[in-house]
Amino acid sequence: MEDNKNGSIKHSVISGVFWKLFERIGAQAVTFVVTIVLARILNPSDYGLISLVMIFINIANVFAESGFGSALIQKKDADEVDFSSVFYFGIAFSGLLYFILYMTAPAIGHFYNQAEIVPVLRVLALRIPLAAVNTVQKAYVSRKMVFKRFFYATLGGTIGSAVVGIVMAYQGYGIWALVAQYLFNSTIDTLVLWFTVRWRPTTHFSMERLRGLLKFGWKLLCAGLLETIYNQLRSLVIGKKYSTSDLAYYNKGDQFPSLIVTNVNTSISSVLFPAMSQYQDEREKVKTMTRRAIQISSYLICPMMMGLALVAEPLVRLILTEKWVPCVPYMQIMCFIYATWMIHTANLEAMKAVGRSDLFLRLELIKKVYGIVLLLISMRHGVMAIALSGVVNAVLSLAVNAYPNGKLLNYPYKEQIKDLLPALLLSAAMGIGVYAVGGLIEGEVYRLILQVVAGGVIYGGLSLLFQVESFRYLLGIIQAGKNKGAYLAYRNE
């Protein structure tokens, strides 16, 4: 019976990862095309202004989600009363958040000396009630591990919003094209999940159940709030102290590596937490999942970040045009930061899964203290210094996030670095090859194509030559997917 449970969960994890990956790849492919088109039409200042508005939307969204989504996934015996209680509370609370943002919009516009922020913020803040509904839907899908639903919802919203955004941009609506794109995406995403997920709220509401969920969720809420405010602080400082164009270049430099890493990171972490939660009392299995997540994600992410950093300038010139070239150094810095993301995620998801949201919050407090100190020091020396402070923060956070799992899971920091090392060495070797190949041919387009192909061949060839564990594991999954009998044999290894 235990073997059947293990096999079933492993199958759900593999299936879930692939559906999440397809969802993210499909959505981000469309987003990538839209980004190129809109970046060519709109001005950097338009992107800078929307980034300022999104600071406050993102912070409010953390409150709207309230940590209850993770609590619903983590609770072993969550039922209809739990889900319905969270649903009704979320709707009421998100309405209050929207009212607060609506009323404070003029003060925010005055703070930035940007009167246009007021109507933009008031319209875009309509995403907050949608986020409250979406949180319960996503918790239900994640708990049941039917991630196929996300694929339809995300892709439908992304394609629809792409059409709306591009048409409005060509019609000369400027920043309102971006507003419509964001809002339309959230609306369609929520509607598709509403019609494809069987769950509906009942008439039951229990404040006692909410309090029980809040015991777990409030720590995640505080941690999420700290993380979001801290992440938005950089944008807030750049937008206030420098200019909206500087903010646009900084955020555009962040966008491309984020686009890549989010595909892998979200796909794995969305499946990892509910899967780990089912084994929360079996620490050795949680350790195995955490270790595998770090190995596979670093094997996929590290070479992509190395490659993107090396081809950043010709890539920006080619697809975004010359006006966006100032974003290149920020992009290269962000590549290093995002290369470490999955290690942070895997460690934190493991802590959440075993019910240690208190540790999660404690780590966020520690990281934000030295993160803010780094920001205060760097903000005096320009936007580039602010970006570089993120690198220092990422390196320090690797050790901080890994430390508790040395005791919780018997998976210390040294062992995690050892699991990361193959991907780092292979990526470094690939980077040397890609850099050398870049000098062999003239013309940005041909050089870019040659470097991408060379990078893939070098990385794949070295993986095969040295029989890297992650490479063999991924091949096993692919072969298992082609042959059910091979899958059953592979599952029992």
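Select helix α17, residues 444-465, which contributes the largest share of a nonpolar surface patch, 5 residues. Helices here are DSSP runs of H or I with at least four residues, numbered from the N terminus. The model is predicted, with local features requiring pLDDT of at least 70 and side-chain atom pairs pLDDT 80 or more, while totals for chains, interfaces and linings use all residues. Residues are numbered from 1 along each chain as its sequence is written, and side-chain values rest on heavy atoms, without hydrogens or water.

Next, display the whole patch: L318, V445, Y446, I449, V453 and V457, with about 570 Å² of accessible area together. Such areas come from the Shrake-Rupley method with a 1.4 Å probe, and for residues only the protein chains shown count as cover. A nonpolar patch joins side chains of Val, Leu, Ile, Met, Phe, Trp or Tyr within 5 Å, provided that each residue has over 30% relative accessible area and no salt bridge. Within helix α17, pick Y446; at 58% relative accessibility, Y446 counts as exposed (buried is under 20%, exposed over 50%, partly exposed in between, with a 1.4 Å probe and protein chains only).

Proceed to the salt bridges, of which there are 4; the criterion is a side-chain nitrogen of Lys or Arg within 4 Å of a carboxyl oxygen of Asp or Glu. Select K287 and E415, whose side chains meet at 3.5 Å, N to O. K287 lies in helix α11 (residues 283-319) and E415 in helix α16 (residues 413-437), so this pair ties together parts 128 residues apart in sequence. K287 is buried at 11%, whereas E415 is partly exposed at 26%.

Now select R291 and D419, a salt bridge with its closest N and O atoms 3.1 Å apart. This pair also links helix α11, through R291, to helix α16, through D419. Here R291 is partly exposed at 25% and D419 is buried at 11%.

Between E322 and R317, the closest N and O atoms are 2.4 Å apart. E322 is exposed, with a relative accessible area of 51%.

Finally, turn to the rings. Select R122 and Y102: the charged end of R122 sits over the ring of Y102, 4.0 Å from its centre. The rule requires NZ of Lys or CZ of Arg within 6 Å of the ring centre and within 35 degrees of the ring normal. K252 is placed likewise over the ring of W324, 5.1 Å from its centre.

Technical notes. Patch = residues over 30% accessible without salt bridge, like charges linked within 9 Å, V, L, I, M, F, W, Y side chains within 5 Å. Helix = DSSP H or I, 4+ residues; strand = E, 2+ residues; numbered from the N terminus.
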